[in-house]
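Please look over the sequence and the 3D structure shown here. A report on the chains, their contacts and selected residues comes after them.

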Amino acid sequence: MQDYGKFKYLVYIILFLLTIFFLLPMYVLFATSFKSFAEVSRQAMWLLPSEYTLAAFAEAYTRLIPHLRNSLVLVIPSTLISAMLGSLNGYVLSEWKFRGSDTIFALLLFGMFIPYQSILVPLVRFLQTIGLYGSLQGLIFVHIVYGIPITTLIFRNYYSDVPSSLTEAAKVDGAGIFRVYSKIFFPISIPAFVVVIIWQFTNIWNEFLFAVTITQTPAQQPITVALNNLAGSQVVQWNVQMSGAILTALPTLLVYIIFGRYFIRGILAGSVKG
Amino acid sequence: MRYQVKEKLLSVGILAPSMLAIGVFVYGFIGRTIQVSLTDWNDIVSFMQGEFDFVGLQNYLRLFNDSRFITGLWNNLFFMLFFILGALALGIMMAVFINDKPRGHFIFQNIYLFPMAVSFVVTGTVWRWIFAPGSPRSPRGINMLFAQLGRPELMWRWFTSTFSIGPFNIALVTIIIAAVWQFSGYTMAMWLAGLRGIPEQLIEAARIDGASKWQIFTRILFPMQKAITLSAIILMAHISLKAFDLVYVMTGSGPNNVTDIPAVYMYETTFRGNNYSRGAGISIILLMMVGILIIPYLINTFGEE
């Protein structure tokens with residue numbers, strides 16, 4: 001920092017102003033959710049509550065708890081299964097390349113960039129045909145399928161960094177594809193699993209487009225859809241909405257706070273060459 | 001080696017379920033959507049029965065004469081442009097400062113990045129509160145703040161404003177701010193990762209030669225980070241085409257479609273209006289725009305290995 005000279009303080013002022021910008025929505029969330037309904041609509045909407053109350057949280061919690069549960073039921077299997085598939089795919093694409101395997105990888109990867117609108121109508125019809133439309137199971141299935149590209153990418157990049165001599169030596173000793181995986185690759189995969197699980201957890205928890213199109217009845221809706229529906233009621237209860245937003249954001253924020261380092265690696269996975 | 005054939009079969013076998021899934025659910029369904037976009041499949045009864053006639057490019061021709069679609073395209077273009085510029089400017093600045101390890105840099109970095117962990121639905125909910133204009137007599141959000149600070153002349157309609165500068169609807173500013181808030185940390189993280197790969201000696205040598213901080217940035221850091229910056233631009237451009245959640249939750253299409261984008265139009269016309277063919281047409285146009293950005297990027301990033 002020393003070579004900024006007299007601009008050093010300017011740098012700190014800028015960093016501080018940016019902090020205000022990034023925390024402003026957080027302030028709004030907390031200031032509003034602890035207010036009573038009477039107080040949110042008054043002049044003091046930008047001020048901290050004159051009286052703190054948990055009433056809004058209580059209401060948001062009652063209305064959202066089934067949906068928080070839905071989101072958990074959705075996120076856990078789809079995250080774990082797509083991570084497992086990604087690990088196996090990444091392993092084969094990195095260590096057992098065959099003619100055309102790089103092309104297969106590129107074709108898989110394209111799947112994570114498509115606008116999902118372009119598959120939505122056939123997807124809805126397909127789910128209707130197999131009887132999973134409108135259900136959480138249908139949504140789990142969808143997240144597993146469309147999670148394959150990113151999980152495969154992260155694992156493949158991770159395994160590419162393993163010295164190839166290790167695999168070669170095992171191959172010379174006659175170890176087969178599953179043996180090399182279970183003895184060498186799976187045991188060293190924990191960091192990659194952490195990155196993938198955090199990434200998938202966050203993305204699936206936060207996802208909205210699939211959730212709003214595929215789940216139809218309120219009983220099946222995950223938290224993001226339910227939060228958006230809170231806004232649909234006649235009188236806008238801002239305090240309840242903000243409490244709801246906090247409840248929605250809390251799980252992924254906790255993951256971010258605890259596993260920030262791995263979260264960043266997930267962000268970078270889609271963008272930096274492995 | 002003897003076991004080569006067997007292992008090769010096993011390799012393909014392990015990949016087979018994923019290849020099949022992506023083959024059907026990405027490529028097959030895209031093919032099906034293209035097919036639907038060439039038909040007149042525009043009501044619920046024929047949807048349930050799966051009946052339709054081919055009408056060629058009619059849906060596309062209609063879209064390009066549809067003022068809502070054209071407005072949405074312009075909005076998406078301006079949103080993309082200003083969102084990327086904003087997120088790049090903030091993100092790069094944050095990365096350069098944080099890379100110089102000011103006091104508390106770890107805390108700053110975490111604060112700038114946390115919005116990436118939050119759902120667009122949450123972001124949309126909060127920023128809608130902040131920008132909700134209220135009415136002139138009972139202002140809300142920032143307008144109320146202006147009124148209370150004695151500057152009522154600064155009040156405007158925010159995301160409900162129908163004012164435009166040429167084809168640029170200024171209501172979009174609200175969505176651009178929300179998106180920049182969410183994604184600046186992304187550029188920052190990418191730039192920081194790149195900056196850590198630049199050898200210390202290089203910067204040191206420039207410094208000894210008397211280069212200023214600004215010269216080091218423009219002559220060394222920025223050129224060396226060109227590839228990363230380009231990646232960030234492409235990835236954010238593709239995100240802005242897909243930013244359905246943020247717009248849908250925060251503003252919807254707005255009065256006179258001032259904040260509409262094709263992704264929102266597609267959703268509403270398909271699932272609210274049962275115009276499956278028109279929706280399919282919009283989504284294929286979106287796919288082509290994303291493809292123009294992403295396919296060269298994929299070839300360049302992963303093709304040469």
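## Model and confidence

This is a predicted model. Its scores are ipTM 0.92 and pTM 0.93. For chain B the mean pLDDT is 91, and 98% of the residues reach 70 or more. Confidence within chain B is lowest in helix α2 (residues 44-49), with a mean of 76, and highest in helix α4 (residues 67-99), with 96.

## Chain B as a whole

Chain B has 14 helices and two strands. Along the principal axes, its C-alpha atoms fill a box of roughly 85 × 75 × 30 Å. Chain B has 305 residues, of which 46% count as buried. When contacts in chain B between residues at least 6 apart in sequence are taken, 69% join residues at least 24 apart.

## The interface between chains A and B

On the chain A side, 73 residues are in contact with 76 residues of chain B. The element of chain A that gives the most to this side is helix α12 (residues 238-269), with 14 residues. By class, the side of chain A that touches chain B has 52 nonpolar, 18 polar and three charged residues.

## Helix pairs across the interface

Helix α3 (residues 55-95) of chain A packs with helix α1 (residues 4-37) of chain B at an angle of about 135 degrees, and their axes are 9 Å apart. An angle over 145 degrees would count as roughly antiparallel; α3(A) and α1(B) are therefore oblique to each other. Their crossing is left-handed. On the α3(A) side the residues are Leu85(A), Leu88(A), Asn89(A) and Val92(A), which meet Ser11(B), Ile14(B), Leu15(B) and Ser18(B) of α1(B). The contact of α3(A) with α1(B) has five nonpolar, three polar and no charged residues.

A second pair joins helix α1 (residues 8-33) of chain A and helix α6 (residues 120-131) of chain B, whose axes come within 10 Å and cross at roughly 85 degrees. Angles of 65 to 115 degrees count as roughly perpendicular, so α1(A) and α6(B) are placed in that class. Pro25(A), Val28(A) and Leu29(A) of α1(A) make the contact with Val126(B), Trp127(B), Trp129(B) and Ile130(B) of α6(B). By class, the contact of α1(A) with α6(B) has seven nonpolar residues, no polar ones and no charged ones.

## A helix pair within chain A

Helices α3(A) and α12(A) pack at an angle of about 50 degrees, with axes 8 Å apart. The two helices are therefore oblique to each other, and their crossing is right-handed. From α3(A), the contact takes in Ala56(A), Phe57(A), Glu59(A), Ala60(A), Tyr61(A), Leu64(A) and Leu68(A); from α12(A), it takes in Asn239(A), Val240(A), Ser243(A), Gly244(A) and Leu247(A). The classes in the contact of α3(A) with α12(A) are eight nonpolar, three polar and one charged.

Glu59(A) lies in helix α3 of chain A. Glu59(A) counts as partly exposed because 17 C-beta neighbours lie inside 10 Å, whereas a buried residue needs 20 or more. Glu59(A) and Met45(A) are 14 residues apart in sequence, and their C-alpha atoms are 20 Å apart in space.

## Helix α13 of chain B

Helix α13 (residues 262-272) of chain B is mostly covered, with eight of its eleven residues buried. These are Pro262(B), Ala263(B), Val264(B), Tyr265(B), Met266(B), Tyr267(B), Thr269(B) and Thr270(B). What covers them includes α5 (117-130) of chain A, and also α4, α12 (244-250) and α14 (276-302) of chain B. Just after α13(B), Asn274(B) has a positive phi of about 60 degrees.

## Leu241 of chain B

Leu241(B) is placed in helix α11 (residues 226-241) of chain B. Leu241(B) is buried because 24 other C-beta atoms lie within 10 Å, where 20 or more are needed. Leu77(B) is 164 residues from Leu241(B) along the chain, and the C-alpha atoms of the two are separated by 8.6 Å.

Terms used
Residues numbered from 1 in each chain as written. Chains lettered and ligands numbered in written order. Predicted model: local features only at pLDDT ≥ 70, side-chain atom pairs only at ≥ 80, totals over all residues. Contact = placed C-beta atoms within 7 Å. Helix = DSSP H or I, 4+ residues; strand = E, 2+ residues; numbered from the N terminus. Nonpolar A, V, L, I, M, F, W, Y, C, P; charged D, E, K, R; others polar. Axes fitted to C-alpha atoms, helices over the stretch in contact; angles between N-to-C directions. Parallel < 35°, antiparallel > 145°, perpendicular 65-115°, else oblique. Left-handed = near helix turned anticlockwise from the far one by under 90°. pLDDT = per-residue confidence, 0-100. Buried ≥ 20, exposed ≤ 12 C-beta atoms within 10 Å, placed from the backbone.
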